[in-house]
Each structure stands twice: as C-alpha cells, then as structure tokens.
Amino acid sequence: MSWNRRHVLSLADFSPAEYDTVLQTASSFREVLTRRTKKVPTLQGQVVANLFFEPSTRTRSSFELAAKRLSADTLNFAASTSSLTKGETILDTAKTYLAMGTDMMVIRHKEAGVPQAIADEMDRLNVKVGVLNAGDGQHEHPSQALLDLFTICSLINVEKPRSALLTGKKVAIVGDILHSRVARSNIWSLTASGAEVHLAAPPTLLPKAFAAFVKDSNPEISRQLFIHWTLEPALIDADFVMTLRLQKERMTSHLLPSLREYHQQFGITRDRLKLCKPGVRVLHPGPVNRGVEISSDLMDDPVLSLISQQVTSGVAVRMALLYLMGGGKVG
Amino acid sequence: MSWNRRHVLSLADFSPAEYDTVLQTASSFREVLTRRTKKVPTLQGQVVANLFFEPSTRTRSSFELAAKRLSADTLNFAASTSSLTKGETILDTAKTYLAMGTDMMVIRHKEAGVPQAIADEMDRLNVKVGVLNAGDGQHEHPSQALLDLFTICSLINVEKPRSALLTGKKVAIVGDILHSRVARSNIWSLTASGAEVHLAAPPTLLPKAFAAFVKDSNPEISRQLFIHWTLEPALIDADFVMTLRLQKERMTSHLLPSLREYHQQFGITRDRLKLCKPGVRVLHPGPVNRGVEISSDLMDDPVLSLISQQVTSGVAVRMALLYLMGGGKVG
Amino acid sequence: MSWNRRHVLSLADFSPAEYDTVLQTASSFREVLTRRTKKVPTLQGQVVANLFFEPSTRTRSSFELAAKRLSADTLNFAASTSSLTKGETILDTAKTYLAMGTDMMVIRHKEAGVPQAIADEMDRLNVKVGVLNAGDGQHEHPSQALLDLFTICSLINVEKPRSALLTGKKVAIVGDILHSRVARSNIWSLTASGAEVHLAAPPTLLPKAFAAFVKDSNPEISRQLFIHWTLEPALIDADFVMTLRLQKERMTSHLLPSLREYHQQFGITRDRLKLCKPGVRVLHPGPVNRGVEISSDLMDDPVLSLISQQVTSGVAVRMALLYLMGGGKVG
C-alpha cells in the first residue's frame with residue numbers, strides 16, 4: 001500500500017503504486033457492497049462536505065453514498081442557494097465549512113483550479129482537511145478516471161485489479177476531447193498504466209495544440225499517445241473504447257455541424273466495434289445522449305457496454321479515496 | 001400476513017388480505033413511533049432513493065423520514081438540479097441509481113406510468129429493486145390512499161385496523177376527481193374494503209366518461225360507486241368525507257368559474273356536515289387551500305378533521321410499505 | 001444549570017443564569033468536537049426539521065451538523081420547492097412537520113415573528129415541540145448572538161466561559177444596525193452580560209428612533225447603550241468590535257452613497273483598531289463583503305479576527321440549544 005496524499009486533485013503525478021493502492025482498496029470495498037448491510041464504521045463521526053458549485057446529481061449522489069457507507073455524516077452545498085450569491089468568495093465558503101468541523105471536502109466547480117486553490121489554502125492554514133476534485137472546468141476529474149481504470153482492470157482480473165494489466169492495451173477515447181476533464185484525467189491514468197491511448201475527434205474538438213500541450217507536459221507519454229481526426233484508426237484493434245459526453249452547446253458555438261452528422265462520423269455502434277479486438281468493451285462517463293455519442297442499442301448491451309459497471313465502480317472507488325485521504329483503516 | 005409484491009404501483013389489483021397486511025404492519029410501526037427512540041434497525045445499510053421528478057416537500061419528507069426511521073440511508077434526487085436537463089432519459093437516471101446500489105426507489109413524476117415503466121425495467125434486468133409510486137400524473141398515489149385507509153380504519157378500531165371495518169360505510173369523495181390520482185387510488189382501496197363510494201364534483205371535474213371508465217375497468221365495483229354533480233346526495237348519511245385539493249390552474253383552464261363559487265357549491269363546512277352521519281370525519285390529502293375545499297375552522301377542528309392524523313399515518317404506512325417491499329422483519 | 005425554555009425565540013428576556021447555562025453546555029460540547037468521533041447519542045431517534053423559508057447555506061449547515069452530531073435525524077425544507085407555492089400557510093406547513101413526528105423545528109423566515117407564531121401554535125396544541133428562531137426578518141437571531149457571546153467569553157476564559165466576564169467591557173457594533181437581527185440579539189445578550197454597547201453607523205442605518213425604541217423596551221440597559229454616527233468614539237478603548245454584513249440592496253434604496261464611501265467611513269481596518277484596547281478582537285457574522293465592512297487582510301488575520309472561531313462556536317452553541325430544548329442529558 002502506497003499512499004501519502006491528503007488531497008486528490010489531479011492524476012498528472014500519480015504513480016503506478018498509487019493507482020494500485022486505489023484499485024486494491026476499491027476492490028475490498030466492492031466486497032462490502034455485496035453484503036446485505038453495505039456499511040462500514042470507518043468514518044463514523046467524520047464530516048464530508050460536498051461543495052458542488054456546479055450542479056450535478058449523479059456525481060454528488062455517488063460521493064454522498066460513498067460517504068454514508070463509510071458512516072460519515074454529509075453536508076451538501078448547492079451553489080444556487082448559497083452565500084455565493086451574497087458576494088462571499090469561494091475560499092471563504094470553504095473556510096466556513098472548515099471552521100464547522102468538516103474533515104473532507106469534495107469540490108466541483110466550473111473553473112479549473114478551484115479545488116487546488118482550496119487545498120492550497122487548507123495546507124497554508126495547516127489543517128488536516130482533505131480536498132477531492134470532483135471535476136474542475138476542463139481540467140481534471142480524477143475520481144472518474146480512477147473508476148474507469150477500476151472498471152477495466154476488474155474486467156481483466158476481478159480478483160486482483162492492478163494497473164499493469166493495461167500494459168500494451170489499446171484504448172480509444174472518442175469525442176469532445178478539447179473540453180473534457182474526463183479525457184484529461186484518463187490520459188494520465190491510462191498512459192501511466194502502460195496503455196496506448198488513441199484520441200479521436202473532429203479537429204475542432206481535438207486541435208493539434210492539444211496534443212502538443214499534453215506531450216510537452218509529460219514527454220514520457222509521447223510514445224503512448226496518438227491523435228486521429230477520423231474514427232477508424234482509433235478503433236482498429238482497440239481493447240476499450242471510451243466515449244465522451246457531447247455538450248449540446250458545442251453546436252451553437254459552431255464547433256460541430258449537427259448531432260446527426262457527428263453521430264455519422266464519430267458515434268459508436270455495434271457495427272463499428274467490428275474494427276476493434278474481439279472482447280472490446282465500451283465506456284461512457286454519463287449522462288449519455290442516446291444516439292449521439294453511442295447508439296441506443298449498444299448502450300443497453302449488457303456485455304459490450306460497461307456503463308452500468310462504471311457507476312457501480314464509482315461508489316467503491318470514491319469510498320476508497322475518502323478512506324485513503326482520511327488515513328483510516330477498513331472497518 | 002399476505003405479501004408477494006416487490007413494487008407498489010397501483011391499488012387496482014390489491015386484495016383485501018394485502019390491505020390488511022399493510023394496515024397491520026403500519027399499526028406495529030405506529031407503536032414504534034410512540035417510543036422516545038423512534039427508530040428500528042430494519043433497513044440498516046439499505047439505500048432508499050427518492051426520485052422526485054415533480055417537486056414535493058411534504059411527500060418527500062414523509063418518505064425520507066420513514067426510510068430514516070427504518071435506519072436506511074436516503075438519496076434525494078430533485079429534478080431541477082438533475083441530468084434530465086442534460087438530456088438523459090428517465091430510465092437511464094433510474095438505472096444510474098440502480099447501479100449505485102439503490103435497494104428501493106420512490107418515484108414521483110408528472111406523467112402517468114413512469115413508476116410502472118421503471119419497475120418493468122428493473123424486472124427486465126432481473127434485479128431485486130422495489131419501486132414505489134409516490135404519485136404519477138393523474139393516475140395513482142397508492143401510499144396516500146393506504147394512509148387514508150389506515151387513518152379511518154384506526155379510528156374505528158385502533159388496536160386492529162383492518163379493511164373489513166369499512167363494509168357498508170359510506171365515503172364521499174368531493175372535488176377535482178377528474179385530475180386526482182388520490183381519488184383514483186382511494187376508489188380502489190375503499191371499494192375493495194366494502195365501502196360505498198360517492199363521488200361529488202361539478203360535471204367539468206367529473207365527466208360521465210370518468211365513471212364509465214372506472215366501472216368498465218372493474219365491473220365488480222359498479223354497485224359500490226356513485227356519481228353526483230351536487231354535494232348534498234354525497235354527504236347524506238356519509239361516514240367519511242374526503243376532500244381533494246383544487247389546483248388553482250383549473251380556473252385558468254375554464255373548468256371552474258371561481259374559487260368562491262366552488263366553495264359555495266362544493267366546499268365542506270361544519271354546517272354541511274350536519275347532513276352526514278353523527279361521528280362523521282373529514283379528510284384532505286394536503287396541502288389545503290383554506291376556505292376553498294374546506295372551511296378554515298373545520299380544517300382546524302381537532303375532532304372533525306383527520307388531516308393531522310393522515311400526516312402521522314403517512315409515516316407509519318410508508319415505513320410499512322418499505323418494510324414489506326424489502327422483505328425484511330420488524331427489528 | 002438554569003433552563004426552563006422549550007423555545008428559543010428572542011434574547012430580550014434571557015437571564016444571566018440562562019446565558020451561563022448555554023455557555024457551559026456549549027463548552028462541554030466543544031470538548032466533544034475535539035474527539036475523533038465527534039458525535040454523541042443524545043438525540044438518537046429524534047427529528048430536527050430545518051424549515052428555512054429564506055434561503056441560507058451557512059446557518060442551515062451549522063444547524064444540520066449540530067443535529068447530526070447529537071445523532072438526531074434531520075429533515076430539510078427549502079422554501080423554493082415547497083407547498084408554499086401551492087398556497088399552504090406557514091402554520092399549516094409547521095403543523096404538517098409536527099404531525100410527521102418532528103421533535104424540534106429550526107425556523108428562518110424573512111418576516112419578523114414567524115418563529116414566535118409557530119411556537120405559540122405548538123403551545124396552543126399542547127405538544128412538546130421546541131421552536132428555535134434561526135433568524136426572523138430584522139427582529140432577532142438568538143443563536144448568532146449566543147455564539148458571539150460564547151466566542152468572546154471563551155477568549156477571556158476558555159475553561160469557564162460565563163457572561164459575567166463581560167462586565168465593564170466595551171463592545172462596538174458597527175454597520176447596518178437598523179436592518180440587523182444580529183445586532184438586536186447582541187444588544188440583549190451583551191447588555192445583560194454587563195458590557196457597554198456602542199453602536200456606530202451612518203444616521204440612515206441608525207436613526208435616533210432606533211435607540212429610543214431599544215431603550216424604551218428595556219430602560220435598565222439605557223446606561224449601557226450608546227449611539228454614534230461616526231466610527232471613532234465607538235472604537236476608542238473597545239475590547240471587541242462586531243461588524244455587520246452590509247446588504248448590497250441598501251445602496252439601491254439610497255440609504256448609502258457607495259460601498260467605497262461606506263468603507264472609508266465605517267470599514268474596520270488594522271489601522272483603525274489602534275484606537276481600541278490592546279488585545280481587541282473583531283467579529284463578523286458572515287458572509288463577509290471583503291473590503292467593505294472589514295479590510296481583507298484584517299479578516300484573514302489569525303489573531304485579530306474571530307470570524308473562524310465564530311463559525312466553530314456556532315456548531316457547539318447550536319448543539320447546546322438543541323440539547324437544552326430537548327431536555328436531555330449529555331451522552
């Protein structure tokens with residue numbers, strides 16, 4: 001077990017040993033979730049504050065459930081009813097929750113860097129409060145990438161999911177890469193695990209500069225990262241296909257001609273999966289625009305689609321992260 | 001004890017034995033609620049998701065409290081902050097909560113049939129998740145009718161409330177029958193219990209076709225169901241008077257002349273209750289428009305009005321339903 | 001220990017013995033909050049309903065956390081999604097929560113007197129439900145003044161905070177006195193504790209009639225209450241400076257020229273604190289408009305500013321109030 005982090009903000013500097021610690025811990029919590037009483041006393045009396053400055057039901061519920069299953073108390077903050085409308089700064093909001101006695105903060109914000117700024121402030125104040133980035137702008141969404149990693153590693157070896165299982169695997173990431181925090185976090189986790197990552201999108205959603213930026217920030221992964229402006233080369237012999245949610249507002253900002261045309265060029269269908277390796281599986285972080293990123297029947301395919309497993313993995317992985325950040329022991 | 005249901009979606013096919021099982025179970029939970037510690041460990045570690053696609057404070061709080069008193073963890077979903085605005089389908093939302101590990105779903109939706117559709121999908125997926133209809137469009141609101149039944153049967157025999165106590169009783173249901181899911185569910189439970197049900201409303205809110213439809217769908221109850229377009233015949237010798245909430249929007253859609261005129265013709269007052277049997281009691285599902293469906297002083301009458309008891313019954317009945325659906329044992 | 005109240009609605013008639021009971025109880029809960037498991041079973045199985053007819057994240061979270069740390073179940077009511085929009089009266093809403101089995105109600109409303117009216121109704125119904133005023137219009141906010149008292153008394157004697165510690169101390173309250181429920185509650189608690197209270201604000205926010213009104217309602221405190229239309233005389237030799245939140249809407253209603261001018265005349269800065277006693281401390285109920293009521297660097301000063309301690313005190317004081325109202329014993 002290798003873990004020295006108080007915060008989980010980005011996967012850019014995660015080590016293989018850290019990935020394996022998360023996978024192994026999540027695996028033990030998955031076992032808890034099969035019991036009738038799906039609860040452990042690990043975080044009893046601790047407070048987890050979900051500070052969602054950007055609305056989200058799915059991710060907030062997943063974190064809330066993870067915290068409750070660790071027996072923590074939860075506080076939910078929704079931006080719409082908050083003091084933010086009264087002119088308070090975000091750091092002041094976070095410090096208020098700190099002063100109330102919050103032990104861990106789960107932060108979502110539409111601006112990149114907000115969770116980092118809050119974590120920095122907690123460290124500056126020298127308080128032992130962990131900050132978890134639950135999605136910041138177009139920057140990162142580490143718990144999503146970790147649950148994706150847990151899902152696909154568990155598929156390969158359910159007893160012992162570990163990142164090295166991805167060595168030499170080909171993973172296609174398809175869709176709105178440019179605006180996707182999910183893609184960014186997955187690029188770090190997948191390349192660190194030894195996979196080849198093939199990005200596929202129209203040039204407006206995957207500009208050359210993006211690839212250059214990623215490679216510049218970590219030259220080691222250059223040989224594992226590939227850019228495609230058509231779908232086919234990304235799919236050929238792929239082991240896993242990750243589709244990304246397409247924001248409808250990309251149309252109105254003229255980055256895409258139409259949803260229909262997008263689906264024709266980059267939508268994932270059963271037919272197109274024939275280009276991939278036998279045994280290929282499809283992922284999507286949800287919520288899905290059926291018939292846009294992925295065809296409706298493929299999404300519901302209980303074998304090919306891992307979407308449901310991703311959601312289930314999410315609770316176990318978030319339990320693992322809260323547990324590790326809390327420095328506790330599995331009860 | 002007779003119970004084989006995973007879901008509670010409609011009362012149309014409830015048997016007297018099933019009604020009695022609910023009443024008997026609710027009765028034992030009512031006893032729990034008189035203790036200082038109003039909590040049992042029955043559903044410890046289970047997750048009850050309240051998926052309210054239509055806003056409601058009262059019903060949502062009642063279900064939330066019922067779940068908490070059974071020691072379940074609760075997840076609340078409010079449509080306004082949800083992925084629905086992001087284009088996800090309702091079934092996909094339900095499947096997301098399923099994948100997170102939800103054991104029971106309490107669903108409210110403005111469209112009839114949504115809870116049924118979700119229950120069908122759960123069965124198709126062969127998962128042991130119970131679905132409870134907390135109000136779907138103008139279709140049904142079974143837990144409301146069951147708490148009404150529990151309230152009036154308990155009044156007749158607090159120790160042993162059972163549906164046969166209503167045999168031969170006359171119950172008037174007054175108000176916006178046409179648009180009322182509460183009325184529909186109550187018609188099933190009251191007629192199945194042997195009561196005579198007298199519906200009273202202006203013709204715009206109680207068209208002939210409505211009565212024909214109800215009788216067609218269950219000819220057995222024809223002899224127990226009566227239609228009145230004036231209030232008096234419904235009230236004469238009634239044992240119970242159920243008033244229904246009048247939606248203000250009925251005015252703007254020209255189904256009613258004015259609230260004042262409605263109250264003059266169909267509003268329940270102390271004076272009008274003189275037509276009923278001695279010992280008559282008045283019910284209302286809430287929230288009440290004071291002075292419209294019912295006069296303000298009658299509503300506050302601690303003897304004649306059962307409104308407060310209905311709310312109290314609601315928690316016990318909802319505990320009973322969650323308990324029975326969960327297949328557990330009273331802790 | 002002196003306590004006979006079921007409700008906490010106003011501090012106007014609080015006795016020194018009652019203040020000391022709150023301070024002493026809060027002090028014992030503060031000790032609980034330093035443990036790893038910050039929870040006691042005191043209110044297990046009890047239900048605390050937070051009925052916030054006016055939105056608030058900060059105060060609602062503080063009460064929610066206080067209730068959870070006493071092991072109570074909590075119900076949250078937010079006005080926006082409530083039956084109020086359906087025409088139900090506030091008293092009916094409160095009675096609905098009563099009928100569900102609520103043991104204590106925490107009420108915030110934009111109209112003065114609403115918590116009192118609900119408490120009166122509960123007494124009239126002869127039910128043992130406690131009502132706590134969490135802020136009603138411009139009237140009172142007793143838990144805020146009690147946490148302020150706890151904060152400054154604890155600063156003077158952390159082991160034994162008691163109100164007599166303020167005898168002869170000078171406290172300046174600066175800002176929008178006229179519209180502030182926080183100021184009103186603090187005037188009662190501070191004068192009852194023997195402090196001299198110096199109010200400072202522009203005449204539009206502190207009209208002569210205000211002072212007359214306060215003194216008329218309690219002539220005993222006349223000798224302890226002083227009015228200033230400039231900042232200096234209030235600050236000279238002050239032991240504590242309480243700043244109040246300035247509502248932005250005061251500008252648009254022409255009560256103030258501009259935020260900048262307000263800050264120049266009444267904003268609290270390090271420099272201005274030199275007029276005060278050595279060891280002076282600054283309080284603010286939050287949320288703060290940085291650079292308006294108080295300079296940004298002063299707000300963040302870990303010695304001079306008590307803002308963070310106020311928030312922490314809030315949880316302990318609210319635990320104490322719920323505990324005392326519940327008539328229980330510290331677990």
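Predicted model: local features only at pLDDT ≥ 70, side-chain atom pairs only at ≥ 80, totals over all residues.
In the interface with chain C, 24 residues of chain C are in contact with 19 residues of chain A. Two elements of chain C, helix H2 (58–69) and helix H13 (307–326), each give two or more residues to the side that touches chain A. H2(C) gives the most, with six residues. By residue class, the side of chain C that touches chain A divides into eight nonpolar, eight polar and eight charged residues.

In the interface with chain B, 19 residues of chain B are in contact with 24 residues of chain A. Here the elements of chain B that give two or more residues are strand E2 (73–78) and helix H3 (90–100). H3(B) gives the most to the side of chain B that touches chain A, with five residues. That side of chain B comprises five nonpolar, nine polar and five charged residues.

Helix H5 was examined in chain A for length and burial. H5(A) covers residues 142–156 and has 15 residues. From the first C-alpha to the last, H5(A) reaches 21 Å, close to the 21 Å expected at 1.5 Å a residue. Of the 15 residues of H5(A), 13 are buried, so the helix is largely enclosed by the rest of the structure. The cut-off for burial is 20 or more other C-beta atoms within 10 Å.

Helix H5 (residues 142–156) of chain C packs against helix H6 (residues 181–192) of chain C. The angle between H5(C) and H6(C) is about 50°, and their axes are 8 Å apart. H5(C) and H6(C) are therefore oblique to each other. The crossing of H5(C) past H6(C) is right-handed. On the H5(C) side, the contact is made by Pro142(C), Gln144(C), Ala145(C), Leu146(C), Asp148(C) and Leu149(C). H6(C) contributes Val182(C), Ser185(C), Asn186(C) and Ser189(C). The residues of this contact divide into five nonpolar, four polar and one charged.

Backbone geometry shows several features of note. Most residues other than glycine have a negative phi, and most peptide bonds are trans. In chain B, the peptide bond from Gly286(B) to Pro287(B) is cis, with omega near -15°. Pro287(B) is found in the loop between strand E9 (281–283) and helix H12 (296–299) of chain B. In chain C, the bond from Gly286(C) to Pro287(C) is also cis. Its omega is near -10°. Pro287(C) lies in the loop that runs between strand E9 (281–283) and helix H12 (296–299) of chain C.

Positive phi values occur at Asp237(A) and Asp237(B). Phi of Asp237(A) is near 65°, although the residue is not a glycine. Asp237(A) sits in the loop between helix H8 (232–235) and strand E8 (240–243) of chain A. This residue has 13 C-beta neighbours inside 10 Å, so Asp237(A) counts as partly exposed. Asp237(B) has a phi of about 65° and is likewise not a glycine. With 13 other C-beta atoms within 10 Å, Asp237(B) is partly exposed.

How values were computed: Residues numbered from 1 in each chain as written. Chains lettered and ligands numbered in written order. Contact = placed C-beta atoms within 7 Å. Helix = DSSP H or I, 4+ residues; strand = E, 2+ residues; numbered from the N terminus. Nonpolar A, V, L, I, M, F, W, Y, C, P; charged D, E, K, R; others polar. Expected span 1.5 Å × (residues − 1). Buried ≥ 20, exposed ≤ 12 C-beta atoms within 10 Å, placed from the backbone. Axes fitted to C-alpha atoms, helices over the stretch in contact; angles between N-to-C directions. Parallel < 35°, antiparallel > 145°, perpendicular 65-115°, else oblique. Left-handed = near helix turned anticlockwise from the far one by under 90°.
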